[in-house]
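Here is a short briefing on one protein model. Have the sequence and the 3D view open as you read.

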Amino acid sequence: MKEKIRIYDLNSDLPDLEKKVVSLGYFDGVHLGHQKLMKRNVDLSKKYGYTPSILLFKENTKTTVKDDKRYLSSLEDKVEILSQLGIKTFCLVNFDENFMKLSPTDFIKTIIAEKLNAKIIIVGDDYRFGYKASGTVDTLREYENIFAYITDVVDFEMEDDHAKISSGHLRNFIRNGEIKKANKYLGRPYKIRGKVVHGKRRGRLLNFPTANLDLSFPYVIPTDGVYLTITNIRGKDYYGLTNIGSNPTFEEGDDKKIETFIFDFNDSIYDEDISVEFIEFLRPDFKFNSAEELIAQMDKDKENGLNYIEKHLK
Ligand SMILES: Cc1cc2nc3c(=O)[nH]c(=O)nc-3n(C[C@H](O)[C@H](O)[C@H](O)COP(=O)(O)O)c2cc1C
Ligand SMILES: Nc1ncnc2c1ncn2[C@@H]1O[C@H](COP(=O)(O)OP(=O)(O)O)[C@@H](O)[C@H]1O
């Protein structure tokens, strides 16, 4: 069932005076740590009769990601996942010059108090805000009485080696092909979206047609190799094998491609929007000596994929 949500644009809509519990952060990937904040948000909203809400940026120009300009989730992905967790009002703001220049106290006064009418603010321990990220949890606490809100700080969720779960770690796990580990801390399979585009039309000749994906967003791309995946087409899920690489058997130095051979599927899906969820890394990408050797390996990949589904996913 689709959750009923509301979008409130801070740059163009009139201030929304509904009393809110607001989670603050960037929330790339909406991982288990982020999910803990949302659970707290929803619980407190229920208890006090406020609206479970979140403040998100309209653009993906977060400066703290530094040179790392790829992300785990688009705004659309975040809204989908967060609404399933019970967030009802999505407050969106441009991450522009004006916003970046707000001092911590101006951020509290204009954004938290005047525009959001936040009664409870939910953040993680390391939350920073305002010009040059100079505002901290202590700053939030300092102004609670003046602006009539309270600050609720949620503990970190930990990885098995006692590091805190972080979007940065998850981006690295995915880049290294450590899909299972990433999925564990995401709390769901890593998912990318895009449109199906034309390739070299070789797949059909090999008896392994592949849907080539043109990403709809600068997603973090898993390391080259073959993965067991779930492709969603027109609302239906299909298992399949996704190859990430530049087809070294056939061509050198070509652009990287993300292409999926979908099990039990036989239809034209050019130009359609699909999503691909990564379940398991099966093997690295190789340069084979011939198309026949590649086909023999793809047959084995299919068998391995089907065995994995039988053993772990049924
Ligand atoms: C399961 C699977 C595994 C693949 N593994 C490799 C590989 O190891 N090396 C390689 O050069 N190409 C690999 N490919 C990619 C094929 O070369 C590619 O699908 C084929 O050239 C078709 O390209 P096209 O979509 O442009 O028609 C793999 C494709 C699939 C579906
Ligand atoms: N089982 C399948 N898996 C992937 N694509 C399929 C499948 N069956 C049909 N198709 C269609 O065939 C196309 C892939 O054929 P292929 O010969 O690899 O062409 P291209 O090089 O243009 O990707 C896909 O984009 C899709 O429209």
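How do the residues of the lining of the second largest pocket divide into nonpolar, polar and charged? They divide into 19 nonpolar, 11 polar and 10 charged. Here Ala, Val, Leu, Ile, Met, Phe, Trp, Tyr, Cys and Pro count as nonpolar, Asp, Glu, Lys and Arg as charged, and the others, Gly among them, as polar.

This is a predicted model, in which local features need pLDDT of at least 70, side-chain atom pairs count only at pLDDT 80 or more, and totals for chains, interfaces and linings use all residues. Residues are numbered from 1 along each chain as its sequence is written, chains are lettered from A and ligands numbered from 1 in the order in which they are written, and side-chain values use heavy atoms, with hydrogens and water left out.

**Second largest pocket**

- Its volume is about 790 Å³. A pocket is an open set of points on a 1 Å grid over the protein atoms alone, where a 1.4 Å probe fits, with protein on both sides within 12 Å along at least five of seven lines. Points are joined across faces, edges and corners, and the volume is the space filled by probe spheres set on them.
- The lining holds 40 residues; Gly203, Phe208, Pro209, Thr210 and Ala211 are the closest to the pocket centre. Lining residues have an atom within 4 Å of a point.
- β11 (257-262) is among the elements that supply at least two lining residues each, as are β7 (190-197) and α9 (291-312). The largest share, five residues, comes from β11. Helices (H or I, at least four residues) and strands (E, at least two) are DSSP runs, numbered from the N terminus.

**Two domains**

- The protein is divided into domain 1 (12-154) and domain 2 (192-313). These bounds come from an automatic or database domain assignment.
- Their centres, taken over C-alpha atoms, are 37 Å apart.
- 10 residues of domain 1 are in contact (heavy atoms within 4.5 Å) with seven residues of domain 2.

**Salt bridges**

- The count comes to 24 salt bridges, each a side-chain nitrogen of Lys or Arg within 4 Å of a carboxyl oxygen of Asp or Glu.
- Asp28 and Arg171 form one, at 2.6 Å from N to O. Asp28 lies in the loop between β2 (20-24) and α1 (32-48) and Arg171 in helix α7 (residues 167-175), so the pair ties together parts 143 residues apart in sequence.
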